Amino acid sequence: MREIGVRELKASLSRVLHRVDEGEQIRVTMRGRPVADIVPAGARRGDERLRELVADGRITPAARPRPGRSPRPLDTGRSASAIVLAERDDER
């Protein structure tokens, strides 16, 4: 996370906001002490760690968004326990 002083923030606010719009997070300091974080709109705290992992190349972001709803369960006519037991018996 990049740190920037209040004076520098005032002088270059448009540039800083453009960088935040691109996904960067900026920590604002006053006399060397952190006072605020500027993060992209809608960002949550856990997003910061994900961004770090992407930046380090340790994970790859999803190519497409997750589906809105989970698929409906199939009606097999048997209980889940019966299916598991049958699969276990097949492995023996």
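Trainee: In which loop does R31 lie?

Mentor: R31 lies in the loop between strand 2 and strand 3 (33-38). Helices (H or I, at least four residues) and strands (E, at least two) are DSSP runs, numbered from the N terminus. Please note that this is a predicted model, in which local features need pLDDT of at least 70 and side-chain atom pairs count only at pLDDT 80 or more, while totals for chains, interfaces and linings use all residues. Residues are numbered from 1 along each chain as its sequence is written, and side-chain values use heavy atoms, with hydrogens and water left out.

Trainee: Why is R31 called exposed?

Mentor: Buried means under 20% relative accessible area, exposed means over 50%, and partly exposed is in between (1.4 Å probe, protein chains only). The relative accessible area of R31 is 84%, so R31 is exposed. R31 also has a positive phi of about 55 degrees, although it is not a glycine.

Trainee: What makes M30 partly exposed?

Mentor: M30 has 41% relative accessibility and therefore counts as partly exposed. M30 is found in strand 2.

Trainee: Which residues does M30 contact, leaving aside its neighbours within four places in sequence?

Mentor: With those neighbours left aside, M30 is in contact with V6 and V35. Contact means heavy atoms within 4.5 Å.

Trainee: Why does T29 count as buried?

Mentor: The relative accessibility of T29 is 10%, so T29 counts as buried. T29 has its place in strand 2 (residues 26-30). Leaving aside neighbours within four places in sequence, T29 is in contact with E3, I4, G5, V6, P34 and V35.

Trainee: Why is S12 called buried, and where is its place?

Mentor: S12 has a relative accessible area of 8%, and it is therefore buried. Its place is in the loop between helix 1 (6-11) and helix 2. Between S12 and I59, the C-alpha to C-alpha distance is 32 Å, and they are 47 residues apart in sequence.

Trainee: How do you know that Q25 is buried?

Mentor: Q25 has a relative accessibility of 9%, so it counts as buried. Q25 has its place in the loop between helix 2 and strand 2. Apart from neighbours within four places in sequence, Q25 is in contact with M1, R2, I38, V39, P40, E48 and R51.

Trainee: Is P71 buried or exposed?

Mentor: P71 counts as exposed because its relative accessibility is 74%. P71 is found in the loop between helix 3 (45-55) and helix 4 (80-91). P71 and L17 are 54 residues apart along the chain, and their C-alpha atoms are separated by 39 Å.

Trainee: Which residues make up the largest nonpolar core?

Mentor: The largest nonpolar core has 6 residues in all: I4, L9, V16, V20, I26 and V28. Helix 2 (13-21) and strand 2 each supply at least two residues of this core. A nonpolar core is a set of buried Ala, Val, Leu, Ile, Met, Phe, Trp, Tyr and Cys residues joined through side-chain atoms within 4.5 Å. In soluble globular proteins, nonpolar side chains tend to be buried together.

Trainee: Which residues does L9 touch, not counting residues up to four places away in sequence?

Mentor: L9 touches I4, V16, V28 and I38 when those residues are not counted.

Trainee: Which pattern does the protein chain follow along the sequence?

Mentor: The protein chain follows the pattern β-α-α-β-β-α-α, with 4 helices and 3 strands.

Trainee: Why is the protein chain called more spread out than a compact globule?

Mentor: The radius of gyration is taken over C-alpha atoms, and the globule rule is 2.2 Å times the number of residues to the power 0.38. For 92 residues the rule gives 12 Å; the radius of gyration of the protein chain is 24 Å, well over that value, so the chain is more spread out than a compact globule. Its C-alpha atoms fill a box of roughly 70 × 25 × 20 Å, taken along the principal axes. Of the 92 residues, 13% count as buried.
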